[in-house]
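These are my notebook entries on one protein model. I record what I looked up, in the order in which I looked it up.

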Amino acid sequence: MPRKLTHVTAEGRPGMVDVGAKRTSRRRALASARVVFPAHVARTLRAGEWKSAKGSVLDTAIIAGTMAVKKTHELIPFCHPLAIDGCRFEMEFETDNELVIRCEVSIAHRTGVEMEALTGAGVAALTVYDMCKALSHEIVISELRLIDKQGGKRNVRGGKAR
């Protein structure tokens, strides 16, 4: 059976979903973004232990991503304001010049937190770009995606409902 868009009213107008009748459950979402550096930029950053004139690149990205998670409802019109229970970032290099940022968000609520996790990963990646752009504008942010979602009507793993 085809699904319908949830943020469109019966009249075809945009509208926020009313989650008041839903039951509260534990919900979690994990999203990731990839930052690809030119080789010379990655070498420079590693040599400087990921510090720039603006400060610690990775620590600043975590702070910015956390702030974005908490403000997602201010950025995306139909997201509900949420009191986030947990927000955690992991950053690791999959290759010498590819940084993967993962953002996991959790809450006990009547709505999910996948938009918060995606926003956190995306803003953390943008912050890395901002702090490193003086070295190159050829840094690429790619593969912003939902990896896992638990709770609510359906769970998602690898971007696919299960």
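I first noted the terms: helices (H or I, at least four residues) and strands (E, at least two) are DSSP runs, numbered from the N terminus, and two strands pair if DSSP finds at least two bridges between them. The model is predicted, so that local features need pLDDT of at least 70 and side-chain atom pairs count only at pLDDT 80 or more, while totals for chains, interfaces and linings use all residues. Residues are numbered from 1 along each chain as its sequence is written, and side-chain values use heavy atoms, with hydrogens and water left out.

**Entry 1: a strand pair.** I looked up strand β4 (residues 86-95) and strand β5 (residues 98-109), which run antiparallel and are joined by nine bridges. A hairpin of two residues leads from β4 to β5. I found R88 opposite E104 of β5.

**Entry 2: the whole chain.** I listed four helices and eight strands in the protein chain. Their order along the sequence is β-α-β-β-α-α-β-β-α-β-β-β. The C-alpha atoms fill a box of roughly 55 × 30 × 30 Å along the principal axes. I noted that 39% of the 162 residues count as buried; buried means under 20% relative accessible area, exposed over 50%, and partly exposed in between (1.4 Å probe, protein chains only).

**Entry 3: helix α1.** Which residues of helix α1 (residues 39-47) are buried? I found V41, A42 and L45. Seen down the axis of α1, its buried residues fall within an arc of 100° (the arc of the directions from the helix axis to the C-beta atoms), so they line one face of the helix. In general, an α-helix has 3.6 residues a turn, so residues three or four places apart point the same way. The face of α1 turned away from the buried side carries the exposed residues R43 and A47. The cover of the buried residues of α1 includes α4 (114-132), where contact means heavy atoms within 4.5 Å.

**Entry 4: positive phi angles.** Most residues other than glycine have a negative phi, and I therefore looked up the cases that depart from this pattern. E49, which follows α1, has a positive phi near 55°. W50 is not a glycine, yet its phi is positive at about 60°. W50 lies in the loop between α1 and β2 (51-52), and at 9% relative accessibility it counts as buried. E143, also not a glycine, has a positive phi of about 55°. E143 belongs to strand β6 (residues 140-150) and is partly exposed, with a relative accessible area of 46%.
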